[in-house]
Amino acid sequence: MKKLLILIFVLITFLCKAQESEIFKYLNINEMKTKTLKELRIIRNEVFARKGYVFQSKDLQEYFSKQIWYKADPNSEIQLSTKEKGYINQIKNLEKSLLQNNCYCINCIGKQNINLFPLISTDFLEVDNSPDKFNKLKPAQVNYTDMNPIVNGNLCGGGYAWNITCFTNIKYQLMFYECHSNNLLLKLAVLKDDKSIDFIELYDSSLYDEDGGNIIDGFYDVDFKLDENYLEVYKIYRKRIDNPTEDTQFDTKEIRREITRYNLSENGLVIVK
C-alpha cells in the first residue's frame, strides 16, 4: 500500500510539471535582460515552436525536440497574434542591442560598417597601404588563450584569426599568417563544438609547395572573396607569357579559373552549385 501511494505521488508530480511546462510564459523586459544571445534566440523561437513550426536550424531542432510539449507539424500555418508579434520584436530589439555591444564576429562588424564587405586578399596583404578594413576587424580577433589548439598550430606561433560568423554551434575562422617562408597566407578554419573539422586554403600558390610549381609548364594561385555568409574560392591556373622580354620575363597569363562557392550556414559549410 505504501509503495502504491509513493507511485501515485510521483505520477501526480510528473503530470503537474508536464502541465506546467506546456503553459507558455511571456518574459518581461527585466527577465529578458538577464538572458544571453543564445537564450534569447530560443525564447523568441519558442513562440513558433508552440505552433508546431518545423525548424531548419539543427540546434533549434535538437532543443525543441526534447521538450515534451513540442509537436512538429509540417502542415501547420503559423499565424501570430498582435501580442506575439510585439513580444518577438521586443526580443529582436534586445538581441540587436546585445550584438552591437558585443560585436565579436566579422558579419556583425559588417552590419555596422557599410563598406566592409566584400573582403579580399589585398585587404590583408596590403595593410600598410590600406589599413582601414583591417583595423575595423580588431573586435572579431580571437584571443590566443581562447583559440583552438590546431588553429593555433596552423598559425605557426604568430598571425591572426577572426570569427566570421556569430554562430554558437559552428564557427568559421579566417586565419592570416606567415609560415616557414616570407609568404603571407590565408585560410578558413571550420570548427564544431570548438573542434576543428576542416581547413580551406584562401590565398596560396603552388609555387610555395615543397616540390615547387613549374612556372614554365604552369602553376596555380589560390585567392578568395568573402561576403556576408558567402565565400568564393578561386583556383587560378597561370603560365609564363610567350616570348618574354627582359622587362616581362616574370610576367604570367591566366589560363583558366575554377570557382567554388560556399554558404557559411549555421549547420555547416555548404557548397553552392
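Which residues have the most contacts inside the largest nonpolar core, and how many residues does this core have?

Analyst: First, the ground rules. This is a predicted model, in which local features need pLDDT of at least 70, side-chain atom pairs count only at pLDDT 80 or more, and totals for chains, interfaces and linings use all residues. Residues are numbered from 1 along each chain as its sequence is written, and side-chain values use heavy atoms, with hydrogens and water left out.

Now the core. A nonpolar core is a set of buried Ala, Val, Leu, Ile, Met, Phe, Trp, Tyr and Cys residues joined through side-chain atoms within 4.5 Å. Buried means under 20% relative accessible area, exposed means over 50%, and partly exposed is in between (1.4 Å probe, protein chains only). The largest core here has 31 residues. Those with the most contacts inside it are Ile-106, Phe-124, Trp-162, Leu-188, Leu-202 and Leu-231.

Where do its residues come from? Helices (H or I, at least four residues) and strands (E, at least two) are DSSP runs, numbered from the N terminus. At least two core residues each come from α6 (106-112), β3 (170-178), β4 (184-192), β5 (195-205), β6 (219-227), β7 (230-240) and β8 (252-265). The largest share, four residues, is supplied by β3.

Take Leu-202 as an example. Contact means heavy atoms within 4.5 Å. Not counting residues up to four places away in sequence, Leu-202 touches Leu-174, Leu-186, Lys-187, Leu-188, Val-222, Asp-223, Phe-224, Leu-231 and Val-233. In soluble globular proteins, nonpolar side chains tend to be buried together.

Asn-148 sits in the loop between α8 (132-136) and α9 (149-154). A polar atom of its side chain lies 2.8 Å from the backbone oxygen of Asp-194. Beyond residues up to four places away in sequence, Asn-148 touches Leu-191, Asp-194, Lys-195 and Ser-196.

Compare Leu-98, in helix α5 (residues 82-101). Leu-98 is partly exposed, because its relative accessible area is 24%. Leu-98 touches Lys-35, Leu-37 and Leu-40, leaving out residues up to four places away in sequence.

Last, confidence. pLDDT is the predictor's confidence in each residue, from 0 to 100. The chain has a mean pLDDT of 83, and 86% of its residues reach 70 or more.

Conventions. A polar contact is a pair of N or O atoms within 3.5 Å; within protein, one must be able to donate a hydrogen and the other to accept it, and residues adjacent in sequence count only if both atoms are side-chain atoms.
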